[in-house]
Amino acid sequence: MAEKAVQLDGRVEDFLRGGPKKLFIGGEFVESISGKTFETVNPATGKVITSVYEADKEDVNRAVEAAEKAFYGEWRKVTPSERGKMMWRLADLLEEHLEPLAQLEALDNGKPISHARAADLPLSIDHFRYYAGWATKISGEVIDSSTGKDMLAYTRREPVGVVGQIIPWNFPILMLAWKMGAALATGNVIIFKSAEQTPLSALYLADLVKQAGFPDGVVNMLSGYGETAGNAMVQHPRIRKIAFTGSTEVGKLIQQQSTGNLKRLSLELGGKSPNIIFSDADLSKAIPGAMMGIFFNQGQACSAGSRLYVHKKVYDKVMAEIVSRTSKMRQGIGLDELTEIGPLVSEEQFKRVTRYLEAGHQAGAEALIGGQPLDRSGYFIPPTIFADVNNEMSITQEEIFGPVLSAMPFDDEDDLTDIIRQANDTEYGLAAGIWTTDVRKAHKVAHAIEAGTVWVNDYNALDAAIPFGGYKQSGYGREMGSYALDLYTQVKSVWVNLE
């Protein structure tokens, strides 16, 4: 079937028209101080969409100045109720601009536009609304002291101040919402750096931030590279906290770079998540759930269920059905309404995943489907399922970040020790899936798996009220829910002698 791209929304055409897209600093769209730009590419074609001004150290300095001016000035005068209303207005504007933002996600990232419309944008909108409600509920407590004096002792939760936020390219608008929601609700000001592969959504949203009425300098949007702009943010002494989502390798570098200034960190890093199908599972749910776990967003998700363990009683049946269904998936450009799986985000990522395909073949794994890049323009890797694998292979131990599944049968489900050991046999601990109709087994395995999120008879469910984050090499700190408020507040104790 021929691909047919959606007609670009006029607002997208207007946004892309003209010269390079500018940075957003102090409430204004400005060129980078160096004047340098870089190109952003459509991964479905390999062709340039537009160019973007490249932020560097001096632009970070300029953004910090603007953020501090807002934090110690007009933003402090904004009441919690007004803060919440601004966030709600931003959510309303996101809803009004859902289509152009979804198209930019499909164009710049390559993800299927149907997924952006149904998942990325609605979840982002809900996230801002959820934290808009928290703006008026940031509170401390009164504590009885045992000093023997007549004392009033209480605590206050106060904002950290200037916070830096650095996101990856796999969910540009959703990761932005995850980072900004709690930070704004708690009264912080933000220096935000988008991924260099996908800068367009954030710059489009910057204008919506302005329309929502946030004071100049509260939100600053930078486009640039991690080695320059990102590094400058991490090392800047007046950026008091960094929130980072990305690879474990880069997370470790950020931790090292921030030691000299005692910067607060929260790190949501990589994963190699196990997805376990027991023999008593409802396969009508488990099979599509396993496919969702690995093929959603082209496998470019830190929580991807890339290690599939299936009990030997149902292994052949499950694998035959997954292969059959996978063969019918429609792969194409993100802007095609019927696309189910799009291209990888960049040539670099395409080469990375291709190397893992080669490593799988060399290690003796059997590709039940896929296994080779597609011979077409763009960065397309077909959905790939490897069998005859073990936990020692690189394709089962290392995060591939592509549509590549390693499937393994397991034997004993009366004694759960071995399958739990296999599930935990990884340096990562971000997420896991369990498929069973035995509620006791589900809870026992869920409690034993070393992961920040465990889904039972589901995969990739998300809600703004429910925390998300990792164990082990998958990072620390929790985003979403009330837990994220801890990332952006500091506690002050106040003593008042009443004698």
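In this predicted model, helix H11 (residues 283–295) lies across strand E12 (274–277), strand E13 (307–311), E15, E16 and strand E18 (431–435), and runs at about 165° to E12. Helices (H or I, at least four residues) and strands (E, at least two) are DSSP runs, numbered from the N terminus; contact means heavy atoms within 4.5 Å, and axes are lines fitted to C-alpha atoms, for helices over the stretch in contact, with angles from 0 to 180 degrees between N-to-C directions. Helix H16 (residues 439–448) lies across E12, E18 and E19, and its direction is at about 165° to that of E18.

The sheet is open and has seven strands with mixed pairing, in the order E14-E15-E16-E13-E12-E18-E19, where two strands pair if DSSP finds at least two bridges between them. Strand E14 (366–369) and strand E19 (453–456) are the edge strands, each pairing on one side only. On average, neighbouring strands of this sheet are turned by 25° against each other, direction ignored.

Within this order, E16 (residues 404–410) runs parallel to E15 (residues 384–387), to which three bridges join it: Thr 384 stands opposite Val 404, and Ile 385 has Leu 405 as its bridge partner. E16 also runs parallel to E13, with five bridges between them, and here Tyr 309 is opposite Met 408. Six of the seven residues of E16 are buried, that is, under 20% relative accessible area with a 1.4 Å probe and protein chains only.

Residues are numbered from 1 along each chain as its sequence is written, and side-chain values use heavy atoms, without hydrogens and water. Local features need pLDDT of at least 70 and side-chain atom pairs count only at pLDDT 80 or more, while totals for chains, interfaces and linings use all residues.

Notes:
Buried < 20%, exposed > 50% of the residue type's maximum accessible area, 1.4 Å probe, protein only.
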